[in-house]
Amino acid sequence: MGDHHHGPAKGLSRWLFATNHKDIGTMYLWFSFAMFLVGGAFAMIIRAELFQPGMQLIRPEFFNQMTTMHGLIMVFGAIMPAFVGLANWMIPMMIGAPDMALPRMNNWSFWILPPAFLLLLATMFMEGGGPAFGWTFYAPLSTTYAPPSVTFFIFGVHILGLSSIMGSINIVATVMNLRAPGMTYMKMPLFVWTWFITAYLLIAVMPVLAGAVTMMLMDIHFGTSFFSAAGGGDPVLFQHVFWFFGHPEVYIIILPAFGVVSQIIPAFARKPLFGYDSMVYATASIAFLSFIVWAHHMYTVGMPIAGELFFMYATMLIAVPTGVKVFNWITTMWRGAMTFETPMLFCIGFVVLFTIGGFTGLMLSIAPSDFQYHDSYFVVAHFHYVMVAGAVFSMTAAVYYWLPKWCGKMYNETMGKTHFWISFIGFNVTFFPQHFVGLAGMPRRIPDYALQFADFNMISSIGAFIYGASQILFLYNVIATIVGGKPISDEKVWDGAEGLEWTVPTPAPFHTFSTPPQVR
Amino acid sequence: MRLLGDNPVALTVAKLAAVVVIMFSFVFVVMVPLYNVLCDALGINGKTSGQRYEATVIQIDESREVTIQFIATNSDGMPWEFRPTQTMMKVNPGAVNDTVFLARNPLPRDMVAQAIPSVSPARAAEYFHKTECFCFNNQPLGGMESTEMPLQFIVDQDLPRDIRTITLSYTMFDITEMALDAVASR
């Protein structure tokens with residue numbers, strides 16, 4: 001290979017053998033959007049069934065598969081790969097690196113994802129149906145009483161765990177070794193910082209998830225009794241192991257979202273981010289605390305009172321660094337020369353709705369009242385406020401913010417704003433009433449419900465259809481931009497945007513920063 | 001080929017890969033045993049002691065009765081008939097009680113089985129003492145034979161007063177192959 005620059009390969013081999021961080025990032029983003037639509041379709045089936053009380057459209061067993069697959073696909077197939085895709089695209093450009101540190105491993109960590117999800121989706125066509133034990137797959141539902149297809153589910157989780165681990169190792173290796181001269185740690189953009197910390201979380205807890213499903217596999221096929229009380233094991237152990245992975249997992253989902261919002265709000269407030277250092281320390285504190293709060297998901301299993309209190313206080317402590325972040329975002333906007341383009345609208349929507357989700361999280365953290373809220377629709381409302389209005393809104397904001405840079409064309413602003421308002425209204429119509437039915441006692445994961453919940457569920461379903469439809473508008477807008485958007489050539493797409501990614505030409509060329517920039 | 005130390009990226013990857021291996025092993029060698037130790041120390045997951053209990057002070061609490069329920073189940077693939085002779089007993093805390101479980105091997109070959117106990121509610125486990133139990137040893141049984149398996153237990157006088165019913169569950173496991181292996185390797 002000579003010194004000359006070479007462009008992308010032609011045809012399918014460009015994607016199959018891709019080692020370019022931009023191509024791999026693009027594949028991750030499209031894959032996650034496809035999964036988002038699949039998981040969303042499952043959610044539509046759930047909401048259609050819950051439109052009225054009584055069994056209307058589907059059988060309860062299939063309903064259980066829908067809730068399970070919706071959760072698994074959205075968490076592991078949509079949100080996580082979307083942020084990995086964004087990391088692939090943006091981290092090298094933000095730190096002035098020519099590519100990711102390990103381009104071939106990067107290729108592999110993407111290409112094992114589609115088979116993992118094909119395997120997972122294929123279980124639905126197998127005898128006994130797909131996983132129907134909830135996305136948390138508590139034993140013994142997922143061991144003794146699981147459908148035979150659970151083995152494929154376990155293998156699928158192993159593969160996607162491997163993919164996440166390799167992706168994270170790549171990100172840490174890139175950030176530690178490939179920063180441009182002068183790009184010290186405390187000069188890195190916050191999106192890079194949050195992903196750097198997220199990658200460490202992933203490296204620490206994805207093996208724990210692998211361990212949990214390996215124990216399930218051994219219980220099912222090799223006669224061990226990790227989770228079977230009959231054989232001297234304990235099903236509660238499963239919950240401890242799962243949530244030791246699961247709680248850091250929710251921060252794995254939300255920390256990159258924090259990073260995105262911390263990039264976009266300063267750009268449209270036309271002010272530097274308020275409290276950069278405190279943002280970094282708050283992110284690190286949240287990451288640390290995420291390891292010592294897992295049992296707040298299982299207050300009702302019969303823990304000693306000292307355990308309940310420890311996990312309650314530790315959980316409440318997380319509100320402090322999270323509060324610092326919300327304070328900093330609001331202070332960044334304070335007296336800024338604000339404009340409200342689509343990315344900014346999604347970020348403001350994020351700050352408002354994520355804060356509501358944070359407050360309901362605080363309510364859930366209080367052990368004595370959690371006994372009432374546990375496994376009710378209140379929990380469903382809470383985590384959709386932080387997962388959808390948190391992670392998905394910020395991801396949408398990121399796409400609108402960087403899409404012009406990626407493809408050199410401007411999206412349709414009116415359509416973008418319409419997308420925001422339909423999403424915002426649809427989302428709240430869907431999930432706000434779920435707080436009420438939850439507090440009134442409607443349990444989650446049920447295909448039928450008592451009559452007094454009928455009205456709120458109908459409102460919820462209508463909201464869900466509106467929110468679902470607005471994503472089609474999003475897809476249309478993105479495709480229309482790529483195919484026939486108004487070409488732009490300014491390096492800086494947004495006049496308030498700061499950072500190395502805005503110093504390269506628009507659209508971003510196949511290779512950027514082949515010679516590292518000097519950062520002052 | 002360059003040494004690992006010369007290449008900073010390879011060094012980072014090696015360290016991180018080590019973390020992955022450590023965390024995977026952590027689940028098996030730390031989390032599971034630690035959980036069992038903690039549950040044992042705190043008496044919270046319904047596991048009774050596998051050791052014979054030596055009664056210290058014998059003082060029968062005549063003021064209350066506790067209902068003891070017996071459950072016997074077979075693990076997957078275990079063909080034995082296994083059941084308690086009494087499904088329920090009313091006992092006074094502090095008193096020594098006896099009962100018998102029945103087992104029959106319906107197959108024409110010799111088998112060895114092991115019963116694993118579990119107590120519910122879990123909080124009662126540390127107050128349920130077995131002075132004699134068939135679960136302390138494995139149970140060899142010839143083809144088509146049956147046996148009576150004794151259980152002697154004391155419910156502690158200190159059992160919290162709000163616990164009025166205790167369920168003792170046994171699950172019978174086929175350990176014939178394990179037992180044969182142990183004999184063969186001796």
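Me: What percentage of the 520 residues in chain A is buried?
Reply: The structure is a predicted model. A residue counts as buried if 20 or more other C-beta atoms lie within 10 Å of its own. By that criterion, the buried part of the 520 residues in chain A is 53%.

Me: What radius of gyration does chain A have, and which value would a compact globule have?
Reply: The C-alpha trace of chain A spans about 65 × 50 × 45 Å along its principal axes. For 520 residues, a compact globule would have a radius of gyration near 24 Å, and the value for chain A agrees with this because it is 23 Å.

Me: Among contacts in chain A between residues at least 6 apart in sequence, what percentage joins residues at least 24 apart?
Reply: The secondary structure of chain A consists of 15 helices and 2 strands. Of the contacts in chain A between residues at least 6 apart in sequence, the part that joins residues at least 24 apart is 82%.

Me: Which element gives the largest share of the side of chain A that touches chain B?
Reply: The contact takes 27 residues from chain A and 26 residues from chain B. On the side of chain A, the elements giving two or more residues are helix H6 (150-177), helix H7 (190-221) and helix H8 (235-269). By class, this side has 20 nonpolar, 6 polar and 1 charged residues. The largest share, 7 residues, comes from H7(A).

Me: Which residue of chain B is in contact with Ala212(A)?
Reply: Ala212(A) is among the residues with the most contacts inside the largest nonpolar core, which has 171 residues. Leaving aside neighbours within four places in sequence, Ala212(A) is in contact with Phe238(A), Val241(A), Phe242(A) and Phe245(A), and also with Val27(B).

Me: What pattern does chain B follow along the sequence?
Reply: Chain B has 2 helices and 9 strands. Of its 186 residues, 26% count as buried. Read along the sequence, the elements of chain B follow the pattern α-β-β-β-β-β-β-β-β-β-α.

Me: How far apart do the C-alpha centres of domain 1 of chain B and domain 2 of chain B lie?
Reply: The domain assignment of chain B gives domain 1 as 4-42 and domain 2 as 66-185. The separation of the C-alpha centres of these two domains of chain B is 38 Å.

Notes: Residues are numbered from 1 along each chain as its sequence is written. Chains are lettered from A and ligands numbered from 1 in the order in which they are written. This is a predicted model: local features need pLDDT of at least 70, side-chain atom pairs count only at pLDDT 80 or more; totals for chains, interfaces and linings use all residues. Helices (H or I, at least four residues) and strands (E, at least two) are DSSP runs, numbered from the N terminus. The radius of gyration is taken over C-alpha atoms; the globule rule is 2.2 Å times the number of residues to the power 0.38. A residue is buried if 20 or more other C-beta atoms lie within 10 Å of its own, exposed if 12 or fewer, and partly exposed in between; C-beta atoms are placed from the backbone. Two residues are in contact if their C-beta atoms, placed from the backbone, lie within 7 Å. Ala, Val, Leu, Ile, Met, Phe, Trp, Tyr, Cys and Pro count as nonpolar, Asp, Glu, Lys and Arg as charged, and the others, Gly among them, as polar. Domain bounds come from an automatic or database domain assignment. A nonpolar core is a set of buried Ala, Val, Leu, Ile, Met, Phe, Trp, Tyr and Cys residues joined through C-beta atoms within 7 Å.
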